[in-house]
Amino acid sequence: MRTYHCFWLLFWAGQPHQSFLTPLSKRTSGFSETEKVLVLSGNSRRDLHRSKRSWMWNQFFLLEEYTGTDYQYVGKLHSDQDKGDGSLKYILSGDGAGDLFIINENTGDIQATKRLDREEKPVYILRAQAINRRTGRPVEPESEFIIKIHDINDNEPMFTKDVYNASIPEMSDVGTFVVQVTATDADDPTYGNSAKVVYSILQGQPYFSVESETGIIKTALLNMDRENREQYQVVIQAKDMGGQMGGLSGTTTVNITLTDVNDNPPRFPQSTYQFRAPESTPPDSPVGRIKANDADVDENAEIEYSITEGDGYDMFGITTDKDTQEGIITVKKALDFENKNLYILKVEATNTHVDPRFLYLGPFKDSATVRIQVEDVDEPPMFSRPAYIMEVKEDVPINSVIGTVTAQDPDAAKNPVKYSVDRHTDMDRVFNINSGNGSIFTSKPLDRETLLWHNITVIAAEINNPKQSSRVPVFIKVLDVNDNAPEFAMFYETFVCENAKAEQLIQTLSAVDKDDSYSGHQFSFSLAPEAASSSNFTLQDNRDNTAGIFTRKTRYNRHEMSTYFLPVVISDNDYPIQSSTETVTIRVCACDHRGKMLSCNAEALIHPTGLSTGALIAILLCIIILLVTVVLFAALRRQRKKEPLIISKEDIRDNIVSYNDEGGGEEDTQAFDIGTLRNPEAIDDNKLRRDIVPETLFMPRRTATARDNTDVRDFINQRLKENDTDPTAPPYDSLATYAYEGNGSVAESLSSLESVTTDGDQDYDYLSDWGPRFKKLADMYGAMDSDKDS
């Protein structure tokens with residue numbers, strides 16, 4: 001017979017809100033009517049239930065957020081093998097065992113030691129087992145059970161964003177979707193209404209509304225105008241428990257902005273605008289700005305300005321400043337106060353982006369009148385033409401008038417005008433102008449072949465106000481006259497063979513003419529009269545501006561005549577006819593049987609062994625190279641010699657340098673220290689000369705020390721003697737100059753610094769005792785003393 005052992009598990013099945021106040025130590029082993037007993041047999045798959053209650057053996061419920069002071073009682077483990085003698089020990093393992101859940105190993109009572117939060121962990125899985133305390137062997141198989149945390153409404157709804165931002169176009173219809181807000185509740189949605197959220201609006205009515213179940217915010221007021229109010233702040237509440245009393249709630253803020261639509265036409269703030277413009281205003285210059293106001297923003301406020309009508313339609317234009325949306329009125333043509341001084345324009349401002357939905361509000365444009373007053377200014381003279389083109393023949397005499405320019409003052413005063421030529425454009429002063437009537441005349445001869453066009457500038461200035469001046473270019477074309485004779489196109493030097501035959505062509509001639517010819521040049525060629533009969537050559541005019549030179553005889557001898565000079569007369573057919581005589585050089589040369597030139601030098605036959613010109617040049621170059629080589633070799637040999645003692649451009653042997661430096665005398669202690677001469681011992685004798693390179697370095701000689709307070713004359717004589725006997729002195733003459741003033745003068749010092757302060761204290765009688773050299777000085781000062789006495 002199989003024996004089944006039962007393992008009983010009891011748990012408390014009270015109400016979820018019930019708390020337990022009985023201490024664990026005072027609990028009894030008996031079961032009340034609210035307790036349930038679970039008996040486990042050896043087969044853990046078999047569960048026992050009381051017929052009066054319906055529950056699962058392996059699932060237990062525990063309230064979250066327990067607020068009692070004692071441990072929260074969960075249930076009781078009991079085995080049918082427990083005889084109450086303490087031989088069994090109950091063990092608990094799994095989620096939170098030993099920390100969050102503890103078990104009385106003697107009685108099997110399970111308790112929760114901490115407050116539980118379903119939102120942190122809703123289910124705990126544990127395992128229970130009874131073992132023999134003495135042997136440690138299990139008396140029942142390990143059984144697994146679940147503790148499920150019962151939810152209470154302890155979490156308020158939370159919105160997914162703290163602040164929502166949304167925007168809708170202004171003038172939207174009622175019910176237009178704005179934004180959807182969402183709130184979540186951490187409580188159990190399957191248990192009661194703790195997680196059932198309902199939305200409501202706390203702030204923002206009557207402009208907006210919210211759907212209670214979805215959180216969708218919609219417009220609730222028709223034609224909300226951005227120009228009246230642009231920003232709205234709506235507060236939405238989310239409340240659980242289906243919105244019933246006692247439910248928890250949360251709020252969020254929704255910032256709603258109305259975006260602009262083009263529902264406002266542009267409007268000028270005034271109907272008439274006044275502007276002034278000087279008549280000297282250049283084209284494309286601004287005259288003034290106007291602006292139409294538009295309550296819309298961005299592209300809905302963009303305005304296009306245009307001039308629709310008015311007497312200044314062709315004189316003025318208007319453009320739009322994209323940054324300021326202003327209309328800029330500009331000058332299109334030059335203004336003239338004397339011609340018209342007032343213009344009236346009609347300017348229209350139109351929206352560039354029109355919304356067809358709001359056309360019923362009226363035309364999206366406006367117009368205004370603009371009056372422009374032209375102001376008179378002192379204008380410079382105005383020429384009758386923007387430029388002048390004149391023509392003059394190159395042979396006109398000096399002071400001939402070639403044309404006239406005209407300018408006048410456009411002002412009502414009609415001030416007189418004087419003319420002048422800008423000499424920067426006529427540096428050679430070829431032209432001049434009459435300052436009164438503007439007639440231009442020549443002041444120098446013209447030559448078309450030298451300069452065809454003369455471009456000068458004429459200045460017209462008011463006589464009363466020379467600063468008011470204007471300029472005009474004058475283009476003068478020099479017309480051609482036949483003043484140049486034709487000439488050869490090139491220098492002709494040809495040859496004729498000694499064995500030439502008669503009537504043989506040896507050269508073709510052509511000519512050019514510096515003058516222009518409208519019908520083309522026609523040149524005629526002929527021999528000069530003095531050469532026509534006696535010449536050994538003939539000339540044939542080809543009638544195509546070329547001519548040919550032909551031989552007249554059969555043979556030529558270069559020993560008799562080596563060169564012929566043939567004068568040719570060239571004439572043109574223009575009026576007046578111009579002609580010139582050109583010379584063709586013809587040399588007689590030796591040729592081979594094919595007519596190829598061999599030699600044109602007559603001496604070549606007489607001195608057959610002579611050298612050619614090229615050979616002579618080669619020999620000359622060789623001689624020059626040889627001379628250069630010799631010179632360079634001599635220079636290198638000279639550099640190998642001993643270096644000079646003084647490497648300088650100036651040779652002290654031939655040059656005496658005079659500095660003429662007067663100095664300050666003995667009293668000048670700044671320029672020269674006379675103590676050096678007074679104390680010869682202070683001189684460093686060991687210093688060598690810097691201007692020579694001695695061949696042998698002698699040991700410096702020790703100069704005998706002069707006596708103290710020795711005279712400078714003795715010092716100089718001593719130094720002079722040392723120089724004469726010094727072996728390290730230069731091998732050539734060296735000038736050493738020593739100046740000595742002397743012992744002193746009987747007149748002592750003549751310095752005025754040592755004189756008395758007043759002339760009355762001076763006595764000049766002693767000047768007579770100084771000798772005849774001071775006689776003149778004694779007479780001068782002696783006379784002064786006698787004048788004072790008298």
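1. Cys589 is buried, with a relative accessible area of 0%; here buried means under 20% relative accessible area, exposed over 50%, and partly exposed in between, with a 1.4 Å probe and protein chains only. Cys600 is buried as well, at a relative accessible area of 16%. The model is a predicted one, in which local features need pLDDT of at least 70 and side-chain atom pairs count only at pLDDT 80 or more, while totals for chains, interfaces and linings use all residues. Residues are numbered from 1 along each chain as its sequence is written, and side-chain values use heavy atoms, with hydrogens and water left out.

2. Which residue does a disulfide join to Cys589? The partner is Cys600, with an S to S distance of 1.6 Å; a disulfide is a pair of cysteine sulfur atoms within 2.5 Å. The link of Cys589 and Cys600 is right-handed, with 95° about the S-S bond. Helices (H or I, at least four residues) and strands (E, at least two) are DSSP runs, numbered from the N terminus.

3. By the distance rule there are two disulfides. One of them joins Cys497 to Cys591, with S to S 2.1 Å. The torsion about the S-S bond of Cys497 and Cys591 is about -85°, so this disulfide is left-handed. Cys497 belongs to strand S37 (residues 493–497) and Cys591 to strand S43 (residues 579–591), so the bond ties together parts that are 94 residues apart in sequence. Both Cys497 and Cys591 are buried.

4. When bonded cysteines are counted along the chain, the disulfides of the protein chain follow the pattern 1-3, 2-4. As for Cys622, its relative accessibility of 53% places it in the exposed class.

5. The next points concern charged residues. Side chains of opposite charge can pair when their charged atoms come close. A salt bridge is a side-chain nitrogen of Lys or Arg within 4 Å of a carboxyl oxygen of Asp or Glu, and by this rule the count comes to 23 salt bridges.

6. Glu304 forms a salt bridge with Lys322, and their closest N and O atoms are 3.9 Å apart. Glu304 lies in strand S22 (residues 303–310) and Lys322 in the loop between strand S23 (316–321) and strand S24 (326–331), so the pair ties together parts that are 18 residues apart in sequence. Glu304 is partly exposed, at 38% relative accessibility, whereas Lys322 is exposed, with a relative accessible area of 59%.

7. A salt bridge also pairs Lys340 with Asp311, the closest N and O atoms being 3.4 Å apart. This pair links distant parts of the chain, 29 residues apart: Lys340 is in the loop between S24 and strand S25 (342–351), and Asp311 is in the loop between S22 and S23. Lys340 is partly exposed, with a relative accessible area of 30%, and Asp311 is partly exposed at 42% relative accessibility.

8. Is Asp426 buried or exposed? Asp426 counts as buried, at 6% relative accessibility. Asp426 forms a salt bridge with Arg423, and the closest N and O atoms of the two are 3.1 Å apart.

9. Salt bridges also link residues in a network, whose members are Arg448, Glu449, Asp480 and Asp516.
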